[in-house]
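Please look through the sequence and the coordinates before reading on.

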Amino acid sequence: MTASRTPLSAEGLDSLARAVQQRLGARVHPPQRAALARSAQSLIVEDAARDVAEIVSRTLEGSLRDPVVRRMTEAASIGETYFFRAPEQLKALRALVESRLVSRWRRARPLRVWSAGCATGEEAYTLAVLFENVVAGTEVRVVGTDMNEAALEVARAGVYGARSFRRLAPDSMGGLRRRGEAWEVAPEIRRRVSFAALNLVTDRVPDLEAGITGFDVVVCRNVLMYIDRSRVSDVVRRVSQTCAPNAIIAVSPSDAAVGLRSSGFSKQPHALYLREAAQLRDLSARERAPRRDDEARVPRTTSIPQPSSPPPSPSPVPATAPSASPSAPPAPDDSATTLAKAFEAADRGRLDVARRLAEELLAGAPDSSQGHYLLGVVAAAEKDPSAAEAMFRRSIFLDRGFVAAELGLADALSQTGQDDDARRHYRRVLRLLGTLADDQIVEPLGMTVRAVRRLAEQALDHGGEGT
């Protein structure tokens with residue numbers, strides 16, 4: 001459904017990005033802007049909304065069940081995850097639990113673990129397996145939360161394909177069983193894990209069972225970087241308020257965990273933060289000055305449901321992806337159909353499907369610039385900028401006028417710290433756009449030339465012009 005899109009102007013895209021940031025508290029990076037644009041135009045084509053103004057209004061004011069709000073939430077989400085991601089940190093996390101928390105353990109209660117931003121659930125199930133028997137005779141209870149309902153549907157189903165096992169063979173993990181070509185989380189692991197929709201910025205923090213003092217472990221990896229900078233410190237404070245006196249918080253090395261030290265946590269190796277009851281008492285003794293009401297208010301809580309019975313087989317791992325170019329040459333009819341399906345799958349976050357279709361296209365047409373571009377899109381959504389860079393370079397080699405591949409390459413280079421090269425390709429985007437009319441659509445980004453130009457200009461303004 002790409003032929004009859006209504007153009008999304010730069011002003012419309014800006015309004016939509018601001019609405020998403022205001023409603024969800026999410027930072028809208030260039031790939032998310034592209035995904036927002038494509039999702040908005042799909043809603044219009046599907047007659048789910050009249051125009052961008054209605055989408056903006058419903059994004060700001062609609063209920064969480066509103067299909068517009070749900071689609072915008074999915075577009076703004078980064079749902080990439082897999083089992084036993086960041087194995088060195090997980091190893092250090094278990095060791096820290098064993099060395100610093102177990103000796104203080106009240107064995108009458110479960111070990112409480114929160115996977116904040118759990119996406120499709122692989123991390124939550126990983127934690128359930130990781131902490132099995134860490135305290136002999138003690139149950140492990142894991143709560144997984146995410147703002148993306150579509151991702152949570154996959155998590156509750158607990159059925160995963162090969163892409164969820166990039167660090168290990170499924171049969172070596174334990175707690176899994178075959179289900180056709182996929183793997184299903186075993187009941188003994190599933191009953192330890194529950195999932196609930198939760199936006200860390202705007203929603204109330206998870207409820208704690210009666211008699212439970214708080215979470216013992218919180219894993220909040222690759223989440224804070226996607227939160228509006230002005231709200232990060234408040235999110236960190238609220239997360240710390242859910243923790244037990246002796247607790248550990250795990251973040252990503254690239255996350256700015258502002259405020260954890262002031263909440264009594266000391267930094268440990270591998271981006272881990274430890275709080276002990278003695279630290280908390282010392283902190284409390286120092287904080288004698290009166291606080292403003294808005295600083296002292298403790299967030300209200302909302303209850304976390306237990307896992308429901310699994311629905312039918314889930315869709316593959318959701319994630320958010322960027323898009324492609326106005327100048328790529330047309331493909332043959334059968335290739336065009338495959339390509340359209342592949343981009344639609346990428347839009348919906350079905351990365352396995354998008355990858356398979358792109359590879360099918362390249363098997364028959366190895367010189368398809370769009371096929372290589374799409375593999376770059378998938379790699380970028382999976383947060384593998386090096387692989388994305390290689391695919392975008394191949395796409396550009398095959399089509400020197402492919403604007404979206406240039407934009408994707410510039411983004412990938414920026415993410416890997418190659419700032420001078422990134423600026424060079426952002427400027428090349430501007431040169432390619434200079435020959436096109438402002439209102440022309442850059443396909444398959446589904447954005448006007450004016451909107452794409454603004455993205456490149458903003459990236460250059462943010463990073464400086466360089467040399």
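Asparagine 133 counts as exposed because its relative accessibility is 59%, where exposed means over 50% relative accessible area, buried under 20% and partly exposed in between, with a 1.4 Å probe and protein chains only. This is a predicted model, in which local features need pLDDT of at least 70 and side-chain atom pairs count only at pLDDT 80 or more, while totals for chains, interfaces and linings use all residues. Residues are numbered from 1 along each chain as its sequence is written, and side-chain values use heavy atoms, with hydrogens and water left out.

Asparagine 133 sits in the loop between α6 and β2, the helices (H or I, at least four residues) and strands (E, at least two) being DSSP runs numbered from the N terminus. Although asparagine 133 is not a glycine, its phi is positive, at about 65 degrees. Most residues other than glycine have a negative phi. Histidine 270, likewise not a glycine, has a positive phi of about 65 degrees; histidine 270 belongs to the loop between β10 and β11 and, at 43% relative accessibility, counts as partly exposed.

β10 and β11 (residues 272-275) pair in the antiparallel sense over three bridges, pairing being assigned if DSSP finds at least two bridges between two strands. Lysine 267 has tyrosine 273 in β11 as its bridge partner. Both strands belong to an open sheet of seven strands with mixed pairing, in the order β6-β2-β1-β8-β9-β11-β10. Its edge strands, each pairing on one side only, are β6 (193-197) and β10 (266-268). On average, neighbouring strands of this sheet are turned by 20 degrees against each other, direction ignored. Helix α7 (residues 149-157) packs on the sheet, where it touches β2 (140-146) and β6, and its direction makes about 165 degrees with that of β6; contact means heavy atoms within 4.5 Å, and angles run from 0 to 180 degrees between N-to-C directions of lines fitted to C-alpha atoms, for helices over the stretch in contact.

Which elements cover the buried residues of helix α5? They include α6 (122-130), β8 (215-220), β9 (243-251), β10 and β11. The buried residues of α5 are Gln89, Leu90, Ala92, Leu93, Leu96, Val97 and Leu101. They lie on the same side of α5 because they cover an arc of only 165 degrees around the axis, taken from the directions from the helix axis to the C-beta atoms. The face of α5 turned away from this buried side carries the exposed residues Glu88 and Lys91.
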